[in-house]
Amino acid sequence: MFSTLTSSLIAFWCLSTMTSATPFSYDNNPLKNNFPTPSNDQIKAIETQAHGSLPNTAPPATAQQNTLTSLRLIAFNELFEVAFFAELIANITNNVDGYKINDVSTKKSVLASLIAIQAQEELHTLDANNALKHFKTDPIQPCHYDFPVSNLNDAIGLASTFTDMALGVLQDVQSQLGSDGDIGLIRGVGAIIGQEGEQNGLFRQFGNKIPSALPFLTTSTRDFTFSAINQNFVVPNSCPNINVIDLKIFSPLTVDSETLKSLQQNPKPTTLKFSFQLPLGGPKPEWGSDWTGLKLAYINQQNIPVTENLHNVKVNTDTVSFEAPFLFDAATFGNGLTIAAVASASADFSSPDNIAKAPVVFGPGLIEVN
Ligand SMILES: *[C@@H]1O[C@H](CO)[C@@H](O)[C@H](O)[C@H]1NC(C)=O
């Protein structure tokens with residue numbers, strides 16, 4: 001009797017630590033399968049939950065350094081996604097405030113989808129880390145994570161946004177693999193892209209959107225996606241080997257939530273407000289007293305980035321706020337994911353890759369419409 005009570009108290013305590021605002025960590029085996037280093041039997045169980053297997057085809061014999069960077073980014077991204085879905089499933093299962101689904105059959109079907117998605121993300125992680133091991137380099141280890149949501153609708157909305165960022169960056173990864181000649185890995189990345197797109201159809205419908213956002217999904221770059229994950233989810237200094245990932249973490253660009261919400265509720269040409277932190281030492285001389293040395297870029301769909309000047313710039317202590325038009329057009333601009341970034345006006349704004357190479361970049365600000 002006593003031992004049953006004690007073990008249920010312990011079980012309760014474990015669940016409650018998982019669902020509190022304590023950062024998520026894999027340290028105490030929250031998934032109960034030793035992920036991210038499961039045994040072969042545990043992998044079999046994950047595959048069953050995922051409705052399918054890790055590829056049994058071997059990666060090519062060698063890979064370029066730049067390809068290792070892409071594989072590290074994929075592992076880094078998938079590790080945080082698994083953490084997110086594990087925490088979300090626990091929140092729903094335990095009826096945490098804001099996560100209670102009253103209708104029993106809805107709760108069952110949402111959980112069934114999320115459990116498969118979590119297992120599929122686990123296999124994506126293992127696939128990338130196995131490839132790194134195959135290329136005789138260290139796998140990526142997980143960080144601790146904090147998710148900026150506290151209810152089901154916001155959580156699924158966030159899942160849709162970070163999935164869009166993954167769908168964007170995997171285009172960049174495929175294109176890098178092609179230019180580096182590592183074509184043996186392109187097909188598998190394509191298999192993940194379609195898979196993540198299927199997931200996003202579920203997330204979007206949950207948010208009362210149509211399942212397919214755009215004819216041609218918004219592209220991203222490795223630096224923008226790596227920055228977004230670090231800025232939004234990673235507990236600073238909690239990643240054992242993030243230093244091996246040769247990508248940039250930009251300073252954040254915040255999209256004002258009120259102006260964004262009104263755009264989302266009523267998509268039409270409008271003005272958005274943004275802010276960023278002044279770097280140490282204050283504004284750079286080349287930004288100019290009228291701020292024309294900086295420009296805002298919007299990356300949307302497969303189109304040439306749209307640029308705008310910074311209007312009504314105000315400096316309050318070390319926060320710079322400004323306004324910029326967002327010229328929504330249902331046919332040509334602003335549906336789905338738009339990635340906003342402030343960059344040196346001297347930069348080449350002809351492509352997302354070139355914007356990410358600018359001397360100064362604040363971003364990505366993430367805008368989702370429809
Ligand atoms: C789970 O719920 C806790 C408590 O509200 C919250 O802090 C955390 O962000 C939630 N996690 C997810 C992934 O929704």
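**A disulfide, a helix and a buried serine**

With 110° about the S-S bond, the link between Cys143 and Cys239 is right-handed. In this predicted model, the sulfur atoms of Cys143 and Cys239 lie 2.1 Å apart and form a disulfide, and the count of such links comes to 1. Because Cys143 belongs to the loop between helix H4 (104-134) and H5, while Cys239 belongs to the loop between H7 and strand E1 (254-255), the pair ties together parts that are 96 residues apart in sequence. Both ends of the link are shielded under the 20% limit for burial: Cys143 is buried, with a relative accessible area of 1%, and Cys239, at 14% relative accessibility, also counts as buried.

Helix H5, which spans residues 152-180, has 29 residues and reaches 41 Å from its first C-alpha to its last, a value close to the 42 Å expected at 1.5 Å a residue. At the start of H5, a side-chain oxygen of Asn151 comes to within 3.2 Å of the backbone nitrogen of Asn153, whereas the residue that follows H5 is Gly181, with a positive phi near 80°.

Helix H7 (residues 222-232) contains Ser227, which is buried, with a relative accessible area of 0%. A polar atom of the Ser227 side chain lies 2.9 Å from the backbone nitrogen of Phe250. When neighbours within four places in sequence are left aside, Ser227 is in contact with Lys248, Ile249 and Phe250, and also with Gly363 and Pro364.

Notes: Residues numbered from 1 in each chain as written. Predicted model: local features only at pLDDT ≥ 70, side-chain atom pairs only at ≥ 80, totals over all residues. Heavy atoms only, no water. Helix = DSSP H or I, 4+ residues; strand = E, 2+ residues; numbered from the N terminus. Buried < 20%, exposed > 50% of the residue type's maximum accessible area, 1.4 Å probe, protein only. Polar contact = N/O pair within 3.5 Å; in protein donor to acceptor, adjacent residues only side chain to side chain. Contact = heavy atoms within 4.5 Å. Expected span 1.5 Å × (residues − 1). Disulfide = S-S within 2.5 Å.
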